[in-house]
Amino acid sequence: MDDKTKKSLTNLETWKRGLFMVVFAIISGVAKLLVTLVAIFQFITVLFKGKTSETTLPLGQSLSTYIYQITLFLTFNTDEMPFPFKDYPDGAPESSSIKEKTESSEIDEVTSVIDDERDHADISNEDSETTNKTMGDDDLKA
């Protein structure tokens, strides 16, 4: 076993994260069960009242956001641990995924390249238009 692997295996922070990952995976399972119960309740409410229960909508949203935050942590997309290590989510999730930020910067880069190519094409078109304008009618007939 090389030194890098040995160091990795004995890193206390990695083992702490692993323990928290197990705990949050269990919490995620409970939260998913609660979301399922909220969904069933909402369905029954729609069946009998014809509309959703406005009082349980925020609960479903916050549970969904909480599951999203846990999933980001479990998949190493963030090092930020979810509730109870930060405030319980209220509303839609914030875009905090490293992958989303990377994809956004890649899109910006591609857009920049496309804009550069358009500028180059515009310059080429202007050059040909200038050449056509400098040629007289006599030149075109020949």
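1. Helices (H or I, at least four residues) and strands (E, at least two) are DSSP runs, numbered from the N terminus.

2. A word on what you're looking at. This is a predicted model, where local features need pLDDT of at least 70 and side-chain atom pairs count only at pLDDT 80 or more, while totals for chains, interfaces and linings use all residues. Residues are numbered from 1 along each chain as its sequence is written, and side-chain values use heavy atoms, with hydrogens and water left out.

3. Of the 142 residues in the chain, 18% are buried. Contact means heavy atoms within 4.5 Å; taking contacts between residues at least 6 apart in sequence, 58% join residues at least 24 apart.

4. Back to α2. With its 38 residues, α2 spans 54 Å from first C-alpha to last, close to the 56 Å expected at 1.5 Å a residue (the expected span is 1.5 Å times one less than the number of residues). Its buried residues are R17, M21, F24, S28, A31, V38, Q42 and T45. At the start of α2, a side-chain oxygen of N11 comes within 3.0 Å of the backbone nitrogen of E13. Just past the other end, G50 has a positive phi of about 85°.

5. Which residues make up the largest nonpolar core? There are five: M21, F24, Y66, I70 and F73. Such a core is a set of buried Ala, Val, Leu, Ile, Met, Phe, Trp, Tyr and Cys residues joined through side-chain atoms within 4.5 Å. Both α2 and α3 give two or more residues to this core, and α3 gives the most, with three. Leaving aside residues up to four places away in sequence, I70 touches F24, I27, S28 and P82.

6. Now the rings. The structure has six aromatic pairs. Rings of Phe, Tyr and Trp (its six-membered ring) pair if their centres lie within 6.5 Å; planes under 30 degrees apart are stacked, over 60 edge-to-face, and the rest tilted. One of the pairs is F20 with F85, edge-to-face at 5.2 Å centre to centre and 85° between the planes. F20 lies in α2 (residues 12–49) and F85 in the loop between α3 (57–74) and α4 (98–134), so this pair ties together parts 65 residues apart in sequence. F20 is partly exposed at 26% relative accessibility; F85 is partly exposed too, at 46%.

7. Y66 and Y88 form a tilted pair, 5.5 Å centre to centre with 45° between the planes. Y66 belongs to α3 and Y88 to the loop between α3 and α4, 22 residues apart. Buried or exposed? Y66 counts as buried at 6% relative accessibility, whereas Y88 is partly exposed at 34%.

8. Last, look around R17. Ring pairs link F20, F24, F73 and F85 into a cluster, and R17 lies over the face of F73, 4.2 Å from the ring centre. The charged end of R17 also sits over the ring of F76, 3.9 Å from its centre. A charge sits over a ring if NZ of Lys or CZ of Arg is within 6 Å of the ring centre and within 35 degrees of the ring normal.

Notes. Buried < 20%, exposed > 50% of the residue type's maximum accessible area, 1.4 Å probe, protein only. Polar contact = N/O pair within 3.5 Å; in protein donor to acceptor, adjacent residues only side chain to side chain.
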